[in-house]
Each structure stands twice: as C-alpha cells, then as structure tokens.
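Let's work through a few exercises on helix packing and a ligand site. Keep the viewer open and try each task before reading on.

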Amino acid sequence: MSNAALVQVQNVTKTFHRGSEDVPVLSGLDLMVNQGEFLALMGPSGSGKSTLLNLIGGLDRPTQGSVSIGGDRIDQLSDRELAAWRARHVGFVFQFYNLMPVLNAQRNVELPLLLTSLNKSERRQHAETALNVVGLSHRLKHYPRTLSGGEQQRVGIARAIVTDPTILLCDEPTGDLDRKSGDDILTLLQTLNKEQGKTIIMVTHDPHASARASRIVHLDKGQLSAQPA
Amino acid sequence: MNWFTQVFAIAAFNLRSLPQRKGAALSAAVGIAGVAAVLVGVLAIAQGFRHAMTKSGSPDTAIVLRSGADSEMTSNLSRDDARLISDAPGVARGSSGPLSSAELFVIIDLPKRSTGTSANVPLRGVGAAAFDVRGDITMVQGRRFELGKNEVIVGAGAARAFSGLDAGQSIKIGVNTWNIVGTFTAGGGLAESEIWTDAAVLQPAYHRPEGYQSVYAKLTSADTYDSFKDALTTNPQLKVKVSRLSDHYAEQSTLTSGFITTIGVFIASMMALGALFGALNTMYSAVSTRTNEIATLRALGFGSGPVVISVLTESLALALVGGLLGAGLAYLAFDGYQAATMNFQTFSQVTFAFSVTAPLVLTAVIGASILGIIGGLLPAIRAARLPIASALRESA
Ligand SMILES: Nc1ncnc2c1ncn2[C@@H]1O[C@H](COP(=O)(O)OP(=O)(O)OP(=O)(O)O)[C@@H](O)[C@H]1O
Ligand SMILES: [Mg+2]
C-alpha cells in the first residue's frame with residue numbers, strides 16, 4: 001500500500017434516474033489521490049463534483065467502476081459495512097456545516113465518537129482537543145445558533161477530525177462564508193494537511209480557495225482534467 | 001458497534017428537538033389522549049353497568065319465572081304458583097313464614113332530572129318478606145311502606161335520576177296517587193333503580209288481581225339451590241324456570257353492557273383512526289424537518305436501525321403521554337360518576353356509577369402505545385430508507 005494511491009477511483013460511471021429519464025453525470029472517470037495530498041476539485045455547477053465526493057466518501061455507489069480507499073473496495077460493501085467504514089475512515093465537512101442545533105459545540109464534536117469504543121470522559125477529552133485544534137476552546141458550550149458562520153464551520157471541521165479519519169472530504173467548505181472567515185478556514189485546512197499529514201479532498205468554485213491546495217483537478221462533462229498550466 | 005448508545009443518542013436529541021415542533025407533537029398527543037379518554041370512559045360505563053347488575057344478586061337467593069320467559073317482563077305466575085314456590089323445600093323461614101316474595105312490576109313514566117324528558121322506571125310490587133329476601137335493603141330516609149296502603153319507597157338511584165321522587169312527595173298515575181314515604185339503598189345494586197310498593201296494592205291498581213311475574217326466594221343456604229330447583233322443575237303443577245339471582249342479573253346485563261362496549265369500541269376506533277393520522281402526520285413532519293439531521297448522522301456513520309428505533313421511541317413517548325393523559329382525565333371525569341341508562345332486557349332505567357379500574361387504564365395505555373408504534377413506523381422506515389446523498393442535497 002505504500003506506493004499505491006490512497007484513493008483509487010477507476011473507470012467510474014454514475015447515472016441518476018429522474019423518472020424515466022437517465023441523467024449521466026460521470027462517465028468512465030479515473031482519479032488517484034495520494035496519502036497526504038490536498039486536492040481541490042473544481043468545475044462548473046452541476047458537473048458532478050459533489051457526486052464524485054459522495055462516491056469517495058461512501059455516501060453513494062457508482063453505477064459502474066470501482067472505488068477503493070486505502071485498499072478497501074468500498075463500492076462492494078453492504079450498507080451496514082459502509083456506515084461503519086465511514087465512521088472509521090471519513091471526516092465530512094459540509095457547506096452549511098450540518099451541526100445539530102440542539103447540541104452545543106462540544107456535544108456536536110463528540111457525536112461521531114459515539115460510534116467508537118471511547119468512554120464518556122475520553123470522548124469529552126477528544127472533543128476538547130479537536131476544538132482546541134480549530135481554535136474554539138473558548139466556545140465549548142456554545143450552541144450553533146450563537147456562533148458565527150466561520151465558527152460553525154470550525155466546529156464542523158473539529159467534528160470531522162475528532163475520529164482521526166483517513167481522509168477529509170470537504171464540499172465547498174467556504175461556500176457560505178465571507179472572504180475573511182473563508183481564508184481562516186482554508187488556512188486551518190492547510191495546517192491540518194501540512195502539520196498532521198491529513199489527506200484532504202475539497203470541492204470548490206473559488207480559485208482563491210483552490211490556490212491553497214497542493215493539486216487541482218477540473219471536472220467537466222463527466223471527465224477530469226488537470227489544471228491547465 | 002454500540003448500538004444502544006446510538007439509539008439512545010439519536011432518541012435523546014430527537015426528544016430535545018420536540019419543543020421546536022411542539023404544535024404538531026401536542027396535537028398528536030392530544031388526539032391520542034382523546035382516544036384513550038373515550039375508550040376508558042366507555043369501558044367504565046360498561047363496567048359500572050355490569051357491576052350494578054351483578055352486585056344485586058346473592059347466590060343463596062333464587063328467582064323463579066314462568067318457564068320460557070327470558071325476563072320478568074315476559075313472565076307471569078299465578079297466586080297458586082307463588083304459594084307452591086314459597087312452600088318448596090330449601091326456602092328459608094323467618095318469624096312470619098317463608099322468606100319468599102311474589103312480585104310484579106309495571107313500568108311508569110317519570111321525568112329525568114337531567115333532561116326533563118320522561119323515561120321508564122319500574123314500579124315493583126313486593127311481598128312483605130322482600131326486605132329479608134334481598135337482605136341489602138337499607139332505608140336512608142323515611143320509613144318502609146305500610147302494607148295495604150298506597151305508599152311507595154324509592155331507590156336512591158331512581159331518586160337521584162328522576163325528579164319528584166323525594167320522600168314526602170307523591171306520584172300521580174292515572175287515578176292513583178302514591179305517597180313517597182322513604183328512600184332506600186340496595187348496596188349499589190339494581191333495586192336502587194326501582195320504586196317499591198306492596199304487591200297487594202299494586203295488583204288491583206293495575207287490574208292484575210291474581211297475577212305475579214316472579215317469586216324471589218331466600219334459600220337456607222347457597223347449597224340448597226339444586227334441591228330447591230329440582231323440586232320446582234319436577235313438580236307437574238308448575239311450569240317454571242329457576243335461576244340463582246346472581247346468574248339471572250348477569251344474564252340480564254349482557255345485552256346492554258355488550259351494546260355499550262360495542263358502541264364505545266366503535267367510537268374509540270373511529271377516533272383512533274383520526275389519532276393515527278395525527279400521529280403519522282406528526283412523525284412524518286418530524287422526519288422531514290430533520291431530513292438534514294438524519295442524513296448528516298448517517299453520513300457520520302450512524303446506522304439506519306438506530307434511526308428507526310429513535311423515531312419510534314419518540315412516537316411511542318408521545319403516545320404514552322397522550323394515553324396516560326387521556327386515561328387520567330377519564331378517571332378524574334368519570335370515576336364514580338352517577339348515570340342512568342336503559343337496560344334493554346327490562347326496558348327500564350338502571351342507575352349505576354362509572355367505574356374506571358386499573359385494567360381499563362392499562363387497556364387504554366396499551367391501545368395508545370399501539371397507536372404510537374403504528375404512527376411512527378412508516379415515518380421511521382422512510383427516515384431510514386432516505387438515500388443519504390440526495391437527502392443532503394435536499395436540505396442544502
Ligand atoms: N440524487 C440525484 N438524483 C437525480 N439527479 C441528481 C442527483 N444528485 C445529483 N443529480 C444531478 O447530477 C448532476 C451533478 O450534481 P452534483 O451535485 O454532483 O453537481 P455539483 O458539481 O456538485 O454542482 P454544484 O457546484 O452546484 O454543487 C446535476 O445535474 C444534478 O441535478
Ligand atoms: Mg455540489
């Protein structure tokens with residue numbers, strides 16, 4: 001596994017069905033992402049960026065082709081296995097944060113740890129550490145509605161890294177933020193990538209954001225192309 | 001993986017988000033409370049009615065009717081029949097002869113206190129021994145009627161349900177005036193719904209000089225019932241049907257309590273259907289307003305099983321609250337409530353107290369839980385089946 005890519009998307013086709021109509025989104029797509037990469041995935045709206053990210057994160061299955069992460073053929077797992085696999089290997093960061101409004105920051109971050117064997121005090125400890133990493137140790141007991149967008153996204157990132165996942169998947173993590181907060185989030189992701197060696201795949205529209213990545217790929221008409229030089 | 005932790009965590013914040021949709025949650029709980037209240041109320045009526053009817057008879061008392069008669073209404077016995085019956089072996093004896101009472105009754109119309117409309121009340125002519133035969137007659141006001149006079153005493157239930165039946169008042173029917181000289185209780189039993197007078201006075205007033213409808217007899221013990229019955233049914237001079245009074249009353253009440261139960265269960269079922277849609281609606285909206293949360297949880301790796309269970313738990317919790325609320329209200333409102341209803345087998349009013357018992361409450365709570373589970377099941381399955389990727393899109 002040392003020299004094989006961490007993420008191997010091979011000859012993947014994804015077709016949605018809307019009524020009797022077929023909506024082809026990805027057609028015979030290949031993508032390799034190495035351990036420790038920070039990949040930006042760009043492309044026009046509706047080109048299938050989220051779709052591809054969902055396939056890599058085990059939220060959806062390809063119509064054809066294979067998706068293997070760290071050697072696991074996740075397209076072949078059962079729903080139950082896939083859920084357990086996500087809990088163990090993936091951290092998701094969403095555009096609209098997707099925090100639980102009834103839980104405070106710390107509880108939100110603890111949530112994925114409920115799926116581990118950690119006990120209560122260990123869960124609290126881990127959550128505090130993760131919130132510390134994203135610079136929110138002073139906001140542990142705050143509820144999402146009392147936090148700014150940037151702060152909510154930090155909680156979202158803390159939740160994504162608290163289980164120390166194999167890969168971080170971010171779908172337009174700065175899409176709902178102003179320039180300043182967005183920059184802070186990108187800096188945070190960059191730090192996680194550089195200092196902790198986290199493999200990150202980030203979907204974005206924003207050239208400003210993709211500039212922070214170590215590699216950029218473009219998705220258009222169901223196919224990938226590298227950033228033209 | 002720790003499945004229970006998952007269920008618990010999801011259920012916990014489902015419940016914590018309840019205040020945000022308290023309107024729908026409340027209306028579901030109230031709908032279910034209504035079903036529970038009606039169910040308990042109606043069953044309490046049937047229960048109370050049955051209770052009033054069966055408490056009346058003791059096993060060492062027998063009632064004799066003409067054979068083929070299914071109630072006193074359709075029975076008739078002659079003076080000679082009555083004499084043969086009271087002389088039969090097994091009949092207990094008091095200082096003034098056998099403890100048997102030959103009786104007849106007529107139905108009179110009196111205005112109900114509650115509505116002012118008239119309803120049927122039995123006016124029963126009894127023998128002098130009737131008080132000893134029944135055993136549980138207690139005068140709570142005034143005195144007993146005097147033999148040979150146009151005097152009546154009124155059962156406490158009848159006095160409560162109908163106007164103009166207080167001691168000191170009188171009842172005018174046709175050419176006859178009956179003076180009310182007392183009020184009696186009969187241990188909550190059937191006699192409390194009746195008016196009593198001397199049979200010998202009632203017979204000429206209603207032109208039935210020779211006729212009775214029934215003979216009530218106190219037996220020396222409950223064990224002599226069989227020999228008493230055999231003696232009468234094998235006597236070629238008599239064509240009679242003998243029953244223990246307790247059995248007789250139980251039989252007389254089945255039609256009405258069955259009818260009440262049937263109607264009640266029908267009404268409760270209709271309401272249950274409504275409440276079910278209420279619960280379904282609440283849970284569907286609970287699921288759809290939290291589509292995003294559920295999809296997020298599942299993206300994080302929570303299983304669909306815990307999602308189903310947690311939605312069910314919430315719906316069950318709402319239903320239990322509703323069920324207990326309804327049963328509690330029914331208890332406060334109905335338990336001990338005095339009512340009168342028609343007994344279809346005697347075509348007269350029976351007064352009784354609603355009786356909300358623990359098994360009734362349990363029935364209602366179980367019923368509510370079933371509603372809750374059914375109401376939560378489809379939405380729960382929908383929540384679990386939601387494709388995560390498209391659920392996340394929907395909410396964005
Ligand atoms: N569950 C689905 N059912 C039907 N069609 C879908 C589904 N998910 C995505 N699509 C379609 O697939 C195409 C790609 O969608 P996707 O969300 O992957 O695009 P995107 O590149 O992420 O766009 P955006 O930049 O707007 O987020 C769109 O045409 C979309 O309508
Ligand atoms: Mg997208």
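The exercises below go from helix pairs to the ligand.

This is a predicted model, where local features need pLDDT of at least 70, side-chain atom pairs count only at pLDDT 80 or more, and totals for chains, interfaces and linings use all residues. Residues are numbered from 1 along each chain as its sequence is written, chains are lettered from A and ligands numbered from 1 in the order in which they are written, and side-chain values use heavy atoms, without hydrogens and water.

**Exercise 1.** Describe how H8(B) packs on H11(B).

Step 1: find the helices, which are DSSP runs (H or I, at least four residues) numbered from the N terminus. H11 of chain B covers residues 358–385, and H8 of chain B covers residues 245–289.

Step 2: take the geometry. The two axes (lines fitted to C-alpha atoms over the stretch in contact, with angles from 0 to 180 degrees between N-to-C directions) come within 8 Å and cross at roughly 30°. H8(B) is therefore roughly parallel to H11(B); angles under 35 degrees count as roughly parallel, over 145 as roughly antiparallel, 65 to 115 as roughly perpendicular and the rest as oblique.

Step 3: look at the contact (heavy atoms within 4.5 Å). H8(B) contributes residues including B:Ala272, B:Leu276 and B:Met283, and H11(B) residues including B:Leu371, B:Gly375 and B:Arg382.

Step 4: sort by class. The contact of H8(B) with H11(B) has 13 nonpolar, 3 polar and 1 charged residues. Here Ala, Val, Leu, Ile, Met, Phe, Trp, Tyr, Cys and Pro count as nonpolar, Asp, Glu, Lys and Arg as charged, and the others, Gly among them, as polar.

**Exercise 2.** Work out how H10(B) meets H8(B) and H1(B).

Step 1: start with H8(B). Its axis and that of H10(B) (residues 304–334) come within 11 Å and cross at roughly 140°, which means that H8(B) is oblique to H10(B). B:Met283 and B:Val287 of H8(B) are among the contact residues, as are B:Val311 and B:Leu318 of H10(B). By class, this contact of H8(B) with H10(B) divides into 5 nonpolar, 2 polar and 1 charged.

Step 2: turn to H1(B), residues 3–16. H1(B) and H10(B) pack at about 45° with their axes 8 Å apart, so H1(B) is oblique to H10(B). B:Trp3 and B:Ile10 are among the H1(B) residues that meet H10(B), where B:Val311 and B:Glu314 are included. The classes for H1(B) with H10(B) are 10 nonpolar, 5 polar and 1 charged.

**Exercise 3.** Which residues come nearest to ligand 1?

Step 1: among the 15 residues around the ligand (a heavy atom within 4 Å), the nearest are A:Ser45, A:Lys49, A:Ser50, A:Thr51 and B:Arg393.

Step 2: check the chains. Residues from chains A and B surround ligand 1, so the site is shared between chains.

Step 3: read the distances. From an oxygen atom of ligand 1 to a side-chain N or O atom, the value is 2.5 Å for A:Thr51, 2.8 Å for A:Ser50 and 2.9 Å for A:Arg18.

Definitions and conventions. Helix = DSSP H or I, 4+ residues; strand = E, 2+ residues; numbered from the N terminus. Polar contact = N/O pair within 3.5 Å; in protein donor to acceptor, adjacent residues only side chain to side chain.
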